[in-house]
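Q: Hi, I'm new to this one. Could you walk me through it?

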Amino acid sequence: MSFCLTTDLTGNGRPDVIVGALGDKHEVQFPLVDKSVDLLSVFGMGPVARRLQTNVFWYENPGWERHDVAKAPKLSVGGSLGDITGNGRPDLVAGQNIHKHNLWWFEIPDDPRKQWPRRLITDDFEKYHDTAVADVDGDGENEVVGLSQESETVFYYDIPDDPTREPWPAANRHIVAENLDVEGVAVEDVDGDGEVEIVAGPNIFHRMADGWDRESIAPDWKCTRIAIEDFDGDGDLEIALVEGDEPYLDDRPARLGIFDPPEWDLTLLHDDLSNPHSLDVADFDGDGNPDIFVAEMGLEPGHEPRQFVFHNDGAGNFERKELDTAIPTHEAKVVDLDGDGIPDIVGKAYTEPRVDVWQSSP
């Protein structure tokens with residue numbers, strides 16, 4: 001399962017949970033030739049099965065009734081929510097995984113329990129890992145930001161007057177950076193100059209009159225998840241990064257750190273994490289200070305995945321607390337699910353079909 005998002009879809013004041021997935025596989029192993037084969041593909045059933053398969057679904061809060069709402073094969077990590085149509089309601093943006101090229105948006109209807117129409121934004125890139133919907137160019141209207149890992153491109157699209165046209169015009173596309181393979185995206189006024197920046201991986205892109213100027217803050221940090229907050233109370237925003245796909249990619253432990261402007265000095269909080277692909281910020285202990293939540297995916301053989309909260313004293317000093325172990329968690333979100341004013345956690349596994357909620361106690 002690829003992405004996990006939360007928003008109030010029904011208007012009852014409670015965040016609901018949206019999940020997207022790559023889709024089912026029906027594999028059989030052939031030990032003599034050391035191969036596995038997808039039976040649906042072999043027997044010509046794959047296209048039919050995938051047309052019938054619903055891999056965008058959401059859980060209604062309270063009660064957690066599941067609603068299957070859209071079909072979109074091979075969805076990648078990093079879906080996002082934002083108003084595409086201009087009706088004041090969120091829509092969903094998500095793209096395909098490796099070897100696939102489609103970036104879609106899904107219109108969420110007034111009754112979110114009905115099917116969500118899927119529409120193509122572009123098929124010009126490969127593997128979209130992370131998207132965002134925000135006003136990145138200061139024109140007062142949302143744009144759609146995307147990171148294409150395999151095409152090594154950071155880009156955004158102006159939303160056309162008719163967003164239902166497919167695909168969106170190439171003239172609406174703006175290239176922010178090329179030859180850059182990164183994960184994690186955020187849109188934020190990082191430097192406090194009144195204009196937002198695009199943070200893509202360990203890079204800040206500042207909007208200039210003739211394009212985008214790249215500022216690299218951590219060149220050797222890979223596959224990052226991003227959180228931006230004033231952690232030390234000095235009035236400036238810091239950037240927290242965690243290496244979400246290590247040691248899966250490079251056989252080394254992952255790091256969690258905070259980078260403090262203007263020189264982006266590093267405070268290292270942990271350097272022995274295992275594929276921590278969840279990073280979020282919330283006040284867990286009610287002291288008014290932003291704490292950091294991290295959870296591990298469970299991809300490393302023999303390693304029990306863990307969840308941590310790093311409690312912040314308000315001056316940028318952190319105390320680590322382990323919350324839970326043995327439950328693989330990917331793209332988790334920290335959100336008040338039950339309306340008691342205390343953060344809860346919702347997450348899902350990446351390689352297992354499970355969605356989990358951890359509810360806090362007063």
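A: One term to start: strands (E, at least two residues) are DSSP runs, numbered from the N terminus. This is a predicted model, where local features need pLDDT of at least 70, side-chain atom pairs count only at pLDDT 80 or more, and totals for chains, interfaces and linings use all residues. Residues are numbered from 1 along each chain as its sequence is written, and side-chain values use heavy atoms, leaving out hydrogens and water.

Q: Okay, which strand gives the largest share of the lining of the second largest pocket?

A: Strand S11 (128-134), with five residues. A pocket here is an open set of points on a 1 Å grid over the protein atoms alone, where a 1.4 Å probe fits, with protein on both sides within 12 Å along at least five of seven lines; lining residues have an atom within 4 Å of a point.

Q: How much space lies in that second largest pocket?

A: About 730 Å³, as the space filled by probe spheres set on the grid points, which are joined across faces, edges and corners. Its lining has 29 residues, and among the closest to its centre are Thr131 and Lys333.

Q: And the largest pocket, how much space there?

A: About 1100 Å³. It is lined by 49 residues, with Leu22, Val77, Asn97, His330 and Tyr350 nearest its centre.

Q: Switching topic: what is Leu92 in contact with?

A: Leaving aside neighbours within four places in sequence, its contacts (heavy atoms within 4.5 Å) include Phe3, Val56, Phe106 and Trp116.

Terms used:
Helices (H or I, at least four residues) and strands (E, at least two) are DSSP runs, numbered from the N terminus.
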